[in-house]
Amino acid sequence: MMLKRLTLLLCAALLAACGADRRDDGKTEITLMRFFGSCEAQYGQVVKASEGVGECGIVTALVNEFNATNPDGIVVRTQIGEWGPYYDQLTARLVAKDIPAIAVMHESALGDYVRRKLVLPLDEDFARIGVDMGDFTEHAARGTRFDGHTYALPFDTWAWLWHVNTRLMKQAGLLQPDGRPRLPHSPEELLAQARQFRQRTGKPYFAWAVANETAANDRTFLTLVAQQGAQLFSADGKTIRMRQPAVTNALTLMQQLYADGHVRPNLDYAAANQAFLNGEAGVVVVGTWTIDQFLRESRKPESPLQGGYTVVPFPQLYDRPAVFADGHAWALFKGGTTDAKGHEAALKFLKFIWDHSAEWSRTGHLPVRRSVAESPAFRALPLREPLAEITHTGIAMPGNVPTQRAIELLIGEDVANLLLSAKPVAEVQANVEKRVNTALKKARR
């Protein structure tokens, strides 16, 4: 009896636990679990999404604006998860029946929750509330649809980009007359440019995260394989096929770039970005989310990047344009609301996000609506127009591959060993295939 009483008290204190979504003042409260950081001190009172800056600022202002303007007495209460252990925290909450109404997810992780029947299909709801699924970009549709059903509202597409120091490229003789960098179109041309860059600047062509890093290695590898038109995973998503020419080509190129000194050595994520900001490399390979930061730095008079920054999709080095891309999406969880009123409240918030999705594009992430990606307003944002192609050239692991974040870790670890320890390519291929196929065999489907 005492344990039951303590449980009830804890539920009341947390407000989100046990599916609570009604308040004494008659308003309907729904919970929103997300990452993107915490910035209440700066944006806690901002009630216009257009006044938010950066990921945290914009998403915080979006929620504030909905809470301040919706006419239905709906209150969205944000619950901020930590970036690294976010999915562990989410899983622990699901097990404890402390279920958020809505949670942000990477599309690469969404499939696992769909297969476990933890999130709700939304096709009928979207059609009813006016979310036009025909307006989804190709990448957004692929990332949120499983077995013919849509299971989340896409929020953005983020992708693997080359962020370029054009001042150093000019010094290296690799700038076109119009001020754009002269991009390589083959592995051989890339290696030649890297040699020329080092000869004329005394600096390596690349900074990219290698040490204590798995995601970056995996994303570059997947991009290079996809550009060759190769299928890394079997059609059923149950096995990885590492012993094929496209894989050998990708790993050999990455290893040669690193071994020949064209990648600044032993950098982790933060150090790679800082090296680029300090003018110590011509290109940093990282995602869309750094665009705003790098733009701000390039506008500072004292910055080594001042007046010399641009960004492009990962260049096409092989047969077809392709670049690793993922996306954030909002999923509705079973049990996250206790009645139809709560469910409708959650849907109204999703519709609000959909209607204001252009605001999120200011972060550097790409739109999930064709109408936004094609709009003059989006294309007028700094450096965005050349990136719009990624909404249909973006690639990721197939949706039927389970535990993708774990697979990313396994591939990334061995690619890091290839670079840092100069392991033979064939040994890395065999090791990845063995480890990943073992993990896939054990994965819950």
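How do α9 and α11 run relative to each other, roughly parallel or roughly antiparallel? I looked at this pair to start.

**Ground rules.** I'm working on a predicted model, where local features need pLDDT of at least 70, side-chain atom pairs count only at pLDDT 80 or more, and totals for chains, interfaces and linings use all residues. Residues are numbered from 1 along each chain as its sequence is written, and side-chain values use heavy atoms, with hydrogens and water left out.

**Helix pair.** I found that the axes of α9 (residues 187-201) and α11 (residues 245-259) come within 11 Å and cross at roughly 5°. Axes here are lines fitted to C-alpha atoms, for helices over the stretch in contact, with angles from 0 to 180 degrees between N-to-C directions. The two are therefore roughly parallel (angles under 35 degrees count as such). I noted Pro187, Leu190 and Leu191 of α9 touching Leu253, Gln256 and Leu257 of α11 (contact means heavy atoms within 4.5 Å). By class, that contact has five nonpolar residues, one polar and no charged. Helices (H or I, at least four residues) and strands (E, at least two) are DSSP runs, numbered from the N terminus.

**Sheet.** I traced an open sheet of five strands, ordered β2-β1-β3-β12-β6, with mixed pairing; two strands pair if DSSP finds at least two bridges between them. β2 (74-80) and β6 (153-154) are at the edges with a single partner strand each, so one side of each has no neighbour in the sheet. β3 (residues 102-106) and β12 (residues 328-332) run antiparallel, joined by five bridges. Methionine 105 sits opposite alanine 329 in β12. Helix α3 (residues 54-69) packs on the sheet, touching β1 (28-34), β2 and β12, and its direction makes about 155° with that of β2. α4 also packs there, touching β1, β2 and β3, at about 140° to the direction of β3.

I then checked the largest pocket, with a volume of about 970 Å³. A pocket is an open set of points on a 1 Å grid over the protein atoms alone, where a 1.4 Å probe fits, with protein on both sides within 12 Å along at least five of seven lines; lining residues have an atom within 4 Å of a point. Of its 42 lining residues, Trp83, Gly84, Tyr87, His106 and Arg405 are the closest to its centre. α5 gives the most to this lining, five residues. The second largest pocket holds about 690 Å³ of space. I counted 33 residues lining that one, with Ile395, Ala396, Met397, Pro398 and Gly399 nearest its centre.

Notes
Parallel < 35°, antiparallel > 145°, perpendicular 65-115°, else oblique. Nonpolar A, V, L, I, M, F, W, Y, C, P; charged D, E, K, R; others polar. Points joined across faces, edges and corners; volume = space filled by probe spheres on them.
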